[in-house]
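I opened my notebook to look up the pocket and the helix packing in this one. Here is what I am working from.

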Amino acid sequence: MLLSFAAAVRGAPSAKVTRWVEIVEQVSRIAYLLAVTFLVSREPVNVRSIWLYLAALFLLLYYAVWIRYFVDGREVALLHRAFLFVPMPLAVFPVLYYLCAAVWLRNIPATVIMAIFGAAHLTVSLQSFR
């Protein structure tokens, strides 16, 4: 996974690596959904947890990127432009949102799966933005 991310950063990866990363992204997306749905921590959630507020912040930032897109004339270039110095905001913010939400819910399998998904999703997004 990290090798494919490094290959994407260095240059154009092979078609085989690209396809493998896309498959990992799709499988981890389904696995995360199943982990969040069926693997629920028995510990009570804390509404004062920093993870909840970080998740909410990343969700608001994600919405802000879409608002910028619609307000500024729906130019596709806006979807690729950095937002608050964050490159690829439509790839970064949702991954961070789901990762923080999984940590907040104390769902370790979902946290691990989201980390894997995040690496694959950022790799695919990096390749498509070039």
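I looked up the lining of the largest pocket and found Arg 29, Tyr 32, Leu 33, Ala 91, Pro 94, Val 95, Tyr 98, Met 114, Phe 117 and His 121. A pocket here is an open set of points on a 1 Å grid over the protein atoms alone, where a 1.4 Å probe fits, with protein on both sides within 12 Å along at least five of seven lines; lining residues have an atom within 4 Å of a point. α2 (15-38), α5 (89-104) and α6 (108-129) each give two or more residues to this lining; helices are DSSP runs (H or I, at least four residues), numbered from the N terminus.

Note on the source: this is a predicted model, where local features need pLDDT of at least 70 and side-chain atom pairs count only at pLDDT 80 or more, while totals for chains, interfaces and linings use all residues. Residues are numbered from 1 along each chain as its sequence is written, and side-chain values use heavy atoms, with hydrogens and water left out.

Which helix gives the largest share of the lining? I got α5, with 4 residues.

**Helix packing**

Next I checked α5 against α6: they pack at an angle of about 175°, with axes 9 Å apart. Axes are lines fitted to C-alpha atoms over the stretch in contact, and angles run from 0 to 180 degrees between N-to-C directions. That makes α5 roughly antiparallel to α6 (over 145 degrees). Among the contact residues I noted Leu 90 and Val 95 of α5, and Met 114 and His 121 of α6; contact means heavy atoms within 4.5 Å.

Definitions and conventions:
Angles under 35 degrees count as roughly parallel, over 145 as roughly antiparallel, 65 to 115 as roughly perpendicular and the rest as oblique.
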